[in-house]
Amino acid sequence: MATAGTATAKRKPVFVKVEQLKPGTTGHTLTVKVVDSNPVVPTTRKARPGSSMSRPSQPSRIAECLIGDETGCILFTARNDQVDIMKPGETVILRNSRIDMFKGTMRLGVDKWGRIEATEPASFTVKEDNNLSLVEYELINVNDQ
C-alpha cells in the first residue's frame, strides 16, 4: 500500500521539435499537425503448416501519415485505432514516441507504451520542405582498434 508521502512525482514532459529527431531514439513528446494520411494495404500472413491457428487473426489497419511542425515533417506509422485519430488537419500530441528505421529512412511511431491525444488546433504551419523521412541513413559498423 502506497501512502501519500511515498508517491512518485510525475516528470513534466519535455516537448521536442521535429528537426531534433535522430535515428534510434525514443521517448519523444511532440505537438504536430497531420498533413496527409494514406492507408497502407495490409499483407495477410499465411498460416504455417502445423501451426494451430484456431481463430482468424484480425487484419491490422496501417496508415502512413505525414506529420510536422514549424521546423520540419516526418512520416508517422499509425496502427489500428491510431488511424482514426490521425486525420489530415488534426493537431495531436504524441507522447513517448520512438524513431523506427524503415528501408534506411526514419519513421515516427507510438507503441503500447506511448499515447496519441487530439488537442486544440495549433497556430503554426508545417514546414514541408524539411522532410526527415527523405533522408537516407546507412548503418556503419566501426571496429575497435
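Hi everyone, and thanks for coming. Two notes before we look around. Residues are numbered from 1 along each chain as its sequence is written, and side-chain values use heavy atoms, with hydrogens and water left out. The model is predicted, and local features need pLDDT of at least 70, side-chain atom pairs count only at pLDDT 80 or more, while totals for chains, interfaces and linings use all residues.

Let's begin with the overall layout. The chain has one helix and six strands, and from the N terminus the order reads β-β-β-α-β-β-β. Those elements are DSSP runs numbered from the N terminus, with helices being H or I of at least four residues and strands being E of at least two.

How much of the chain is buried? Of its 145 residues, 30% are buried. Buried here means under 20% relative accessible area, exposed means over 50%, and partly exposed is in between, with a 1.4 Å probe and protein chains only. The accessible surface of the chain is about 10,800 Å², and carbon and sulfur atoms hold 52% of that. These areas come from the Shrake-Rupley method with a 1.4 Å probe, and for residues only the protein chains shown count as cover.

Next, contacts, meaning heavy atoms within 4.5 Å. Among contacts in the chain with a separation of 6 or more, 67% join residues 24 or more positions apart. For a local example, please find His-28 in strand β1, residues 26-40. His-28 counts as buried because its relative accessibility is 11%. Beyond neighbours within four places in sequence, His-28 touches several residues, including Val-16, Leu-21, Leu-94 and Arg-95.

Side chains of opposite charge can pair when their charged atoms come close. We call it a salt bridge when a side-chain nitrogen of Lys or Arg is within 4 Å of a carboxyl oxygen of Asp or Glu. How many salt bridges does the whole structure hold? A search finds seven.

One of them joins Arg-107 and Glu-64, with the closest N and O atoms 3.2 Å apart. This pair links distant parts of the chain, since Arg-107 is in strand β5 (residues 105-109) and Glu-64 is in strand β2 (residues 62-69), 43 residues apart. Both Arg-107 and Glu-64 are buried.

Another salt bridge runs between Arg-95 and Glu-117, at 3.1 Å from N to O. Arg-95 is in strand β4 (residues 91-102) and Glu-117 in strand β6, so the pair ties together parts 22 residues apart in sequence. Arg-95 is partly exposed, at 22%, and Glu-117 is also partly exposed, at 22%. Arg-95 and Glu-117 belong to a salt-bridge network together with Arg-115.

Asp-100 and Arg-98 form a salt bridge too, with the closest N and O atoms 3.0 Å apart. Asp-100 is partly exposed, with a relative accessible area of 25%, and Arg-98 is partly exposed at 24%.

One more charge is worth a look: the charged end of Lys-33 sits over the ring of Phe-124, 5.5 Å from its centre. That label needs NZ of Lys or CZ of Arg within 6 Å of the ring centre and within 35 degrees of the ring normal.

Last stop, Tyr-137, in the segment after β6 (115-118). Is Tyr-137 buried or partly exposed? Tyr-137 counts as partly exposed because its relative accessibility is 34%.
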